[in-house]
Amino acid sequence: MSDIISLSEMPPGEKGRISAIQGGRGLVRKLDAMGVRIGKEITKVSAQWMKGPVLLRQGNTEVAIGFGMAQQILVEICNNGGEV
Amino acid sequence: MKVLLMGNPNVGKSVVFNRLTGADVIASNYPGTTVEFTQGSMKIEGEKAEVIDVPGTYTLEPTCKAEEIAVDMLKEGDVVINILDSTNLERSLNLTLQLVKKRVPLIIALNLWDETKHTGISIDVKKLEEILGIPCIPTCAITGVGIKQLVEKIKDAKITELEYDDEEKWHEIGNIIDKVQTVTHRHHTFLERLGDASVKPLTGIPIALAVMFLTFKIIRFIGEGLIGYVFEPLFEKLWTPLMLKLSGLMGSTGFFHNLIIGKLIDGEIDYGQSFGLLTTGIFVPIGAVLPYVFAFYVVLSFLEDSGYLPRLAVMVDTVMHKLGIHGLAIIPMLLGFGCNVPGALSTRILETRRERFIAATLLAIAVPCMALQAMVIGLVGEHGAKGLGAVFGTLFVVWIILGIILNRILKGKSLEIFVEIPPYRIPYIRGLVKKIWIRIKWFIKEAVPFVLLGVFIANLLYTLGIIQFIGKFTAPVVTGVFGLPKEAVGALVIGFLRKDVAIGMLVPLGLTLKQLVIASVVLSMYFPCIATFTTLVKELGFTDMLKSAGIMVVSSLIVGGLLNLVL
């Protein structure tokens, strides 16, 4: 079993697989260009206080995105302890 | 022939450019260092070729202004050197495959090749060449490895026959990666752990504060040290005796003497008050400002190359949103502390017009450049740290409050931050030295002529009685609102040209500490210097610059007046 939550809710340090990006075309395109897209496994590196930006890692790429964008990215938490 | 350098942001295009052309372009470790294309030339088999350093782009469907420039440039290129980040092959190939569709001759530089080793990545270059049908050369531009081979292969650049369906792009890239790349497991390095620590709130906030504190301390240490041990002795022991001799030869008085040497104060040269071209005109940029400019660029260049700045952007993002700009706007602000011109140029890393307007306006009003700061430190600092605290504290409060107001009254909303965070890198010393040197050269070339012009015009205006004349009309504001003597208007006039000369013009007026604080704040805020002004007109357009200038004048009147009342 796995849970689907938004990236903004995911605790820092956890890994998950992107299951949907609910944002507009612009966001999908920008993320896509950085290699962040549906099916990719990402790690949430950190989140700032007061709905600040979220930092995610995909492969060797780290991207900081706003809290609002993180809310639109849905991830499936990896239950196997995050091993790739 | 036109050769374009294209690739994702922060893969080292500018470093390759410098290697190919021998030019001096600023390169740093954050995406968006190059916001405008830069041209240079090189020889390919004896023939001259034009090389263009194109701003970084993730995709050929532009998402910001710098990317639009990149896509426009593509039409003009005869050959594209596509620079890849070897540690981020998948993402880099995304752009490569888009370039393939444009049917331009391509050659690939697998840059940052050295970093693949400690990231546990190995790439089969031969196989990659085979699949893509394009020559691929591993390079490490910063040390120069592979550049020679790259140059030799430019003539072999070709349009590949590789075909793929747009829908299947990522699938195609996945296939290529599977065939050419193997990744071995490895442990996290110290720099990676430090990278994580500097973006987590609990550790990141103390790190940010420590970096800011150290930045401030180191700049002061280097600046004061250089002045005390190098520049002051140089001027006192070498330049002053020379100038006194020259002064004697010129008869110690008269219009030309006063223009070149300035007025002698009790028979001596006083660099603060003499105001001659060869005395104050040389001392201000070289003796007073240069040491701090140098100190600032040493620290800034190190911070840029380490990769800390985008992390700082993440840490300050929440606060900056209150001002209508996101965290990345910290970069133009930091650059602005050196000189407002590069600061204004780098507002281009912000996506919307609204954000660029707010950032540029706040920069021009409340971010004092190093030239102005150095003079304020010299003049106000004599009265102790309290005066300095009042000047810089006021500017900081203005920055915050004005930002909040602009965010409220301007239509629209600011975007959220979206930025790639590069890995920490140990700055490459030779690269660092070169970059500091480029900036010092630029400062001397830009500042010295304008300072001399400023001193020249100031002399002229005083001799012809123009300052005294203007002073009569402006007295209600200068004296009535700001509480300054009416001669201080001279500084406001020259401030259009150079802020450091303007502060220097306050020296002979014998102002009180309160007046010095007000004059320093007003001079920082009321209008940008001419170099910044022309840059802002270019960046914002004439109408927006007019609006911005209106805000500057009004806010300096309010703040200067308030200070006069409360201090």
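Helix 16 (residues 370-380) of chain B packs against helix 17 of chain B at about 145°, and their axes are 9 Å apart. Please keep in mind that this is a predicted model, in which local features need pLDDT of at least 70, side-chain atom pairs count only at pLDDT 80 or more, and totals for chains, interfaces and linings use all residues. Residues are numbered from 1 along each chain as its sequence is written, while chains are lettered from A and ligands numbered from 1 in the order in which they are written.

**Helix packing in chain B**

- Axes here are lines fitted to C-alpha atoms, for helices over the stretch in contact, with angles from 0 to 180 degrees between N-to-C directions; helices (H or I, at least four residues) and strands (E, at least two) are DSSP runs numbered from the N terminus.
- On the helix 16 side of chain B are B:Val376, B:Ile377 and B:Val380, which meet B:Gly387, B:Leu388 and B:Val391 of helix 17 of chain B.
- Helix 17 (residues 385-409) of chain B also meets helix 24 (residues 542-566) of chain B, with axes that come within 12 Å and cross at roughly 135°.
- That makes helix 17 of chain B oblique to helix 24 of chain B (angles under 35 degrees count as roughly parallel, over 145 as roughly antiparallel, 65 to 115 as roughly perpendicular and the rest as oblique).
- This contact uses B:Thr394, B:Val398 and B:Leu402 from helix 17 of chain B and B:Ser555, B:Val559 and B:Leu563 from helix 24 of chain B.

**Where chain A meets chain B**

- In total, 24 residues of chain A are in contact with 25 residues of chain B (contact requires C-beta atoms, placed from the backbone, within 7 Å).
- Strand 5 of chain A gives the largest share of the chain A side, 5 residues.

**Helix 1 of chain A and its cover**

- In helix 1 (residues 25-33) of chain A, the buried residues are A:Leu27, A:Lys30, A:Leu31, A:Asp32 and A:Ala33 (buried needs 20 or more other C-beta atoms within 10 Å of the residue's own, with C-beta atoms placed from the backbone).
- Their cover includes strand 2 (15-21) and helix 2 (67-72) of chain A, along with helix 3 and strand 9 (418-421) of chain B.
- Just after helix 1 of chain A, A:Gly35 has a positive phi of about 85°.

Note on methods:
Two residues are in contact if their C-beta atoms, placed from the backbone, lie within 7 Å. A residue is buried if 20 or more other C-beta atoms lie within 10 Å of its own, exposed if 12 or fewer, and partly exposed in between; C-beta atoms are placed from the backbone.
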